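Please look at the model first.

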Amino acid sequence: MVKSVLSVKHQGLTDWFIQRVSAIVMAIYSIGMLAFFVMHPNLTFDDWHNLFACVAVKIATIIILISLLFHAWVGMWTVFTDYVKCYVARFTLHTIVILALMAFFFAALLVLWGI
Amino acid sequence: MGFFSSKVVVLYKQKRGNDTTVTNRDQRPKNLNLFTIRMPIPAIVSILHRLSGILLFLLIPIAIWGLNLSLKSAQDFDNVHQFLTTPMMKFAIWFCLAGFLYHLVAGIRHLLMDINIGIELKTGRLSAILTLIIAASLIILTGIWLW
């Protein structure tokens, strides 16, 4: 039986969907970033700072952070559910992953906020 | 299946009349030693996707730390730049990028399988080999780009 991760209804389908959509979004963003690096072989602080000062890039980056949060959660959930059979250990690991991901998310948000 | 096979064993036992030569389904030897199991290429591609995923998860805080410093000030940007261009760190970055590129390519393979491309044994094996080749080429290209 498929267990629910992110929602009570629709069980595993939501996780599957979120994992795929976030994957596509992050892949597109990565290609954009790669293009930026290729176009700026001698990257300066000003180029880099201006990139993240742009509102569109900021919004895109926040969307990527949310995608990463969910993608990593579904991925780590799958790995721990597959390999960690002890309920208490698995529950603890899941909790640590959620807390860590939330901390990463807010840390990155604060970084972007300060620009 | 279990019911069926146990019934077969019973019939087999009756026929042979010798319990010691009969092996039940549950008593068959199991081999879960990963060092002696020969994994097919799609299995290797799949487990590497998982391993690279775990690596990327662990790298998130380091990436955020680098992003923070690189955006703080021109001085910090130069510090990060200098730190990352030491040969040792360059190699570490290459390794991390390799994990990312592999995860990306193998992930695209999974997405293609979601839309029913490469789900047969033959095509699945082919796409697994292609994943390894494409990822390896991208990783080598990245290495050339970094140095």
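H2(B) has a kink of about 40° at B:Leu59, shortly before the proline B:Pro61; the bend at a residue is the angle between axes fitted to the seven residues ending there and the seven starting there. Helices (H or I, at least four residues) and strands (E, at least two) are DSSP runs, numbered from the N terminus. This is a predicted model, in which local features need pLDDT of at least 70 and side-chain atom pairs count only at pLDDT 80 or more, while totals for chains, interfaces and linings use all residues. Residues are numbered from 1 along each chain as its sequence is written, and chains are lettered from A and ligands numbered from 1 in the order in which they are written.

**Helix H2 of chain B**
- The end C-alpha atoms of helix H2 (residues 41-72) of chain B are 45 Å apart, which agrees with the 46 Å that its 32 residues should span (1.5 Å times one less than the number of residues).
- Among its buried residues are B:Leu56, B:Phe57 and B:Ile60 (buried: 20 or more other C-beta atoms within 10 Å; exposed: 12 or fewer; partly exposed: in between; C-beta atoms are placed from the backbone).

**Loop residue B:Asn116**
- B:Asn116 lies in the loop between helix H4 (87-114) and helix H5 (121-146) of chain B.
- Its phi is near 65°, a positive value in a residue other than glycine.
- B:Asn116 is exposed because it has 8 other C-beta atoms within 10 Å.

**Chain A**
- Chain A has four helices and zero strands.
- Buried residues make up 16% of its 115 residues.
- Its C-alpha atoms fill a box of roughly 50 × 25 × 25 Å, taken along the principal axes.
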